[in-house]
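This briefing goes through a few local features of one structure, grouped by topic. Keep the sequence and the 3D view at hand while reading.

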Amino acid sequence: MDAGLDVVVFEQTSELGGNWVFRETDAHSSVYRSTVINTTKQTNTFSDFPVPDDMPAYPHHRDIIKYFKAYAEKFGIAEKMRFNTRVLSVELIEGDRWKVASSATDSSDVGMPAQESAKIREDDDVLTSDGSQCTVEEFDAVLACNGHHHVPLWPEFAGQETFKGSMIHSHSYKDPTSCDKGFDYRGKRVLVVGVGNSGADIAVELSRVTEELHVATRSGLYVLPKYVNGVATDHAWRLSRLLSICIPNSVQSTRLFLDILSDIFEHKVNSVQGDAKSWGLRPQCRIAAAHPTLNQDILHRIGLGSITVHGNVGEIKEDGVVFEDGKFVQLDAIVFATGYLVRFPFLRKSLSPVQEGNHAKLHHFMLSTKHPQTLAYIGLLQPFGAIMPISELQCRWAMQIFKGERGVPKPEEMERQISERIEAIWRQFAKRDRHTLESEFFPIMEALAEEVGCVPRMWNPNNWKVLVELLLAPSGWPFTYRLQGPGKWDGAAHALKKAYSQMGKHP
C-alpha cells in the first residue's frame, strides 16, 4: 500500500493475526491459551510502528494480536482483507501473471484438512476439486504468506497405532483440560515428545497438574533462560553491530569462529544454570548448532521431580512407551511436539519451493529462480530472533521488485547464493529437518536491508545522534532500517533511542 499498489489480502479465517489468534477448536493454526512469545518486544516490532510502552518484555499472544490490530487500523490494512476466504489455487498464466481461485469459508471452517495440506500437489492435480463454488481473479504479482506452522509433522514409532490413550500433536494443544475432545490431563501420566519451545512450554504447564510428566528428547538440548541478571536474553547476549563491523561475515561463518562462539555461550549458560548434562538433557551438538529453546521454568520443574527426562522413544505400547534405553513408562496420554511440514497446498509441485522434506530453495528465503519478478514467499524461515521484522523487510524489497525499482539477480547467481546459504546452514547447524530454514537474525536483516537500500551507515551525519544505539543495541532492531534510504521514517531515531533506554526495564 505504501508503494502505491492495489492490494488484496486473502485470509481464510474471520480475523487477522494468523498463528497468534487463539481458538478453542483445532483450527488451521492456533497458539495455545498460555502462549508467550520467545523474543522481546523491542525485536518484535514493525519498523515504523513501535509497540506500546506498557507491553511486557515477552508479550502474551493477546498483546501481539492487540498490536497487530492497532497496526492494521493505523495503516488501513483491514479494509483490504477478504476474511473467510480460502485460496484454492495460484496458477501462472500468460504474461507472467497469476490466476487465483478462492472460495468462501465460514467461521467454523478455518482450515484445510491436515491430510490435504500435507500433500505436495502434482502438476496434473485439479486444485479446485473440493466441489466448492470458487471465484477466479487475475493478479500481476503474488506474495505467499501462509507460514510454516500449520501442517503438523507426526513421527512414526513402532506400535504407535496400538496406544489406547489420548495422542495429539502440539498443534492441537489448548490447555490442560481442552484437548482431544475435552481430554483432561489433570492427574494423568503424560509424555511430551520433543522439547523445542512449544514442547517445553507444554511440559511445564502440564507438570503442574499431572500425576507424572515425562519428556522425550532424541538429541538433547540446551535450555536458555529468558532473563540473565534481570536482562532479557536477546539483549544480554547480543552480537552488536560493532562486533559485526570488527569481524567480517566471512570469518563469522567459519567453523573456528562458531566453535569459539559456542564455547562462550556454553560457559555463560552453564555458569547461570549448571551443565545441561546434569539436568539429564544430554545435548548432542554445540549450543550454536541447534535452534534455541528458551524457558525460564523447565529446569526448575525437573529439579522438583515434576518432569522426568528421557532419551528417544523406542516403541509405543497400548498402555505406555518403551524408551531406547529399555525403560518402560505407563501413560495415559502422549503429546507430540515434533514440528511441522512446510507446504503450499495452493501451488503445483513445479511452482512450490518445497520439493522434498522441508527444504525450500529460495534466495534470501524469499525468491525462487522461477518468476522472481512476480512471486515472493514471506516469512519462510526460522530465525534466531523475531520473524515479523524480517517479513517486513522482505515485503519492502518485494514491492520494489514488483514495481520495477529493483532488479533481481540472474538465476545462476541466485542458485549460487542459495547453495552457499545451504552450505552455511549445515556448517553451523546439526543436519536435521528442523534446521533447513534456520537463519541468524542479524545477517538476514542486513542482507535484506542491502537489497532495499536502507542499511544504516555509520558515517552518515544524520545517524550520529543515535551512534551509540547503532553500535551497542542488539543487532537488527527494526527501527535502524528506517533511519535512511527508501521508506525513511522521521520517528526512527527517537524510537531507537527509546527502545534502547527500556532495555532491562519491566512495565
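**Cysteines**

The sulfur of Cys-145 lies 5.5 Å from the closest cysteine sulfur, which belongs to Cys-395, and this is too far for a bond. The model is predicted, and the points below describe what was computed from it.

- Cys-395 takes part in no disulfide, and its nearest cysteine sulfur is that of Cys-145, 5.5 Å away.
- A disulfide needs two cysteine sulfur atoms within 2.5 Å.
- By this rule the count of disulfides is zero.
- Cys-395 counts as partly exposed because its relative accessibility is 26%.

**Helix α13**

- Helix α13 spans residues 492–501, and its buried residues are Ala-492, Ala-493, Ala-495, Leu-496 and Ala-499.
- An α-helix has 3.6 residues a turn, so residues three or four places apart point the same way.
- What do the buried residues of α13 pack against? Their partner is α12, residues 467–472.

**His-310**

- His-310 is found in strand β15, which runs over residues 308–310.
- Is His-310 buried or exposed? His-310 counts as buried because its relative accessibility is 5%, and the cut-off for buried is under 20%.
- Leaving aside residues up to four places away in sequence, His-310 touches His-214, Val-215, Ala-216, Thr-217, Arg-282, Phe-323, Lys-327 and Val-329.

Note on methods: Residues numbered from 1 in each chain as written. Predicted model: local features only at pLDDT ≥ 70, side-chain atom pairs only at ≥ 80, totals over all residues. Heavy atoms only, no water. Buried < 20%, exposed > 50% of the residue type's maximum accessible area, 1.4 Å probe, protein only. Helix = DSSP H or I, 4+ residues; strand = E, 2+ residues; numbered from the N terminus. Contact = heavy atoms within 4.5 Å.
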